[in-house]
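Student: Hi, I have just opened this one and would like to walk through it slowly. Could you point me to something to look at before we go wider?

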Amino acid sequence: MRTVLVAIVAALGLAGCGANTWGYARYYEPLDDEESFSNAPEPIYLDVQRDPAAYSTSPIGWFGVVREVIPQDDGTVLVRMNQRAHVDRHLCFERSEDTCRVTVSERSGGPFSARVQLRGGTDSEGTNQVQRESLLRIYGRVTGDYDEDGGPFLSVEYYRHWPRGQWVDTSQQAVMRR
């Protein structure tokens, strides 16, 4: 019983500090291994679609809501997404920071795709795996290729994942606070 109580208190302490798996915080907090990519620009979707060569030399950072995950023969997955703009100040259920969720626009910029080598564990199996309605932040270079929907294709250098239910979009503004 004491072990269970200690585990619960430790979990609550982490949640209260914003240092948790899903980054519950009022403003975006990059993970340690994401830090080197965190200054990547988040260009407007139409600019990238019209002139992919202008974004091929350095990584961009796009948020995408997963529409489809297709396993590939080489062990990667083809992830088809809808690009969503990140909202700087995240929505929160209550005043405490541990109730805040990463927030993106409810409006899609347009489709895009990427091949991703998923990290093991929860990203590749179980209820929190990368799947339809997951949110990914893709850091990658625009390849110049287009997917079957006419969206740009990104070559992934790093990704971050939020399972469905661990992020929100701006359609939740009526029931959440800033």
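This is a predicted model: local features need pLDDT of at least 70, side-chain atom pairs count only at pLDDT 80 or more; totals for chains, interfaces and linings use all residues.

Student: How many disulfides turn up in the whole structure?

Tutor: Searching the whole structure finds 1 disulfide.

Student: And are Cys 92 and Cys 100 buried or exposed?

Tutor: Cys 92 is buried, and Cys 100 is buried as well. As for the handedness, the torsion about the S-S bond of Cys 92 and Cys 100 is about 85 degrees, so the disulfide is right-handed.

Student: OK, stepping back, what is the secondary structure of the protein?

Tutor: The protein has 2 helices and 7 strands, and along the sequence these follow the pattern α-α-β-β-β-β-β-β-β. Of the 178 residues in the protein, 44% are buried. If you take contacts between residues at least 6 apart in sequence, 69% of them join residues at least 24 apart.

Student: Where is pLDDT under 50?

Tutor: Residues 1–19 stay under 50 in pLDDT, and for that stretch the model has 8 contacts beyond four places in sequence. For the protein, the mean pLDDT is 89, with 88% of the residues at 70 or more.

Student: Now the strands: which way do strand 1 and strand 5 run?

Tutor: Strand 1, residues 60–71, and strand 5, residues 135–146, run antiparallel and are joined by 6 bridges. One place to look is Ile 60, whose bridge partner in strand 5 is Gly 140.

Student: How many bridges pair strand 5 and strand 6?

Tutor: Strand 5 pairs with strand 6, residues 152–162, in the antiparallel sense over 9 bridges. Within that pairing, Leu 136 has His 161 as its bridge partner in strand 6. The hairpin of strand 5 and strand 6 has 5 residues between the strands, and in this hairpin Gly 150 takes a positive phi near 85 degrees.

Student: Which residues have the most contacts inside the largest nonpolar core?

Tutor: That core has 18 residues, and those with the most contacts inside it are Trp 62, Val 79, Met 81, Val 116, Leu 136, Ile 138 and Leu 154. At least two residues of this core come from each of helix 2 (45–50), strand 1, strand 2, strand 4 (100–116), strand 5 and strand 6. Another core lies apart from it, with 14 residues, among them Ala 40, Tyr 139, Trp 162 and Trp 167.

Student: What does Leu 154 touch?

Tutor: Leaving aside residues up to four places away in sequence, Leu 154 touches several residues, including Ile 60, Trp 62, Phe 112, Ser 113, Ile 138 and Gly 140.

Student: Let me follow up on Ser 113, then: where is it?

Tutor: Ser 113 is in strand 4. Ser 113 counts as buried because its relative accessibility is 0%, where buried means under 20%. The side chains of Ser 113 and Asp 147 are joined by a polar contact of 2.7 Å. Beyond four places in sequence, Ser 113 also touches, among others, Val 79, Met 81, Pro 152 and Leu 154.

Student: Changing topic, where is Arg 84, and is it buried or exposed?

Tutor: Arg 84 belongs to strand 2, residues 77–86, and with 12% relative accessibility Arg 84 counts as buried. The side chain of Arg 84 reaches the backbone oxygen of Ser 105 at 3.0 Å. Along the chain Arg 84 and Gly 109 are 25 residues apart, while their C-alpha atoms are separated by 5.8 Å. Not counting residues up to four places away in sequence, the contacts of Arg 84 include Glu 42, Phe 63, Val 65 and Asp 169.

Terms used: Residues are numbered from 1 along each chain as its sequence is written. Side-chain values use heavy atoms; hydrogens and water are left out. Helices (H or I, at least four residues) and strands (E, at least two) are DSSP runs, numbered from the N terminus. Buried means under 20% relative accessible area, exposed over 50%, partly exposed in between (1.4 Å probe, protein chains only). Contact means heavy atoms within 4.5 Å. A polar contact is a pair of N or O atoms within 3.5 Å; within protein, one must be able to donate a hydrogen and the other to accept it, and residues adjacent in sequence count only if both atoms are side-chain atoms. Two strands pair if DSSP finds at least two bridges between them. A nonpolar core is a set of buried Ala, Val, Leu, Ile, Met, Phe, Trp, Tyr and Cys residues joined through side-chain atoms within 4.5 Å. A disulfide is a pair of cysteine sulfur atoms within 2.5 Å. pLDDT is the predictor's confidence in each residue, from 0 to 100.
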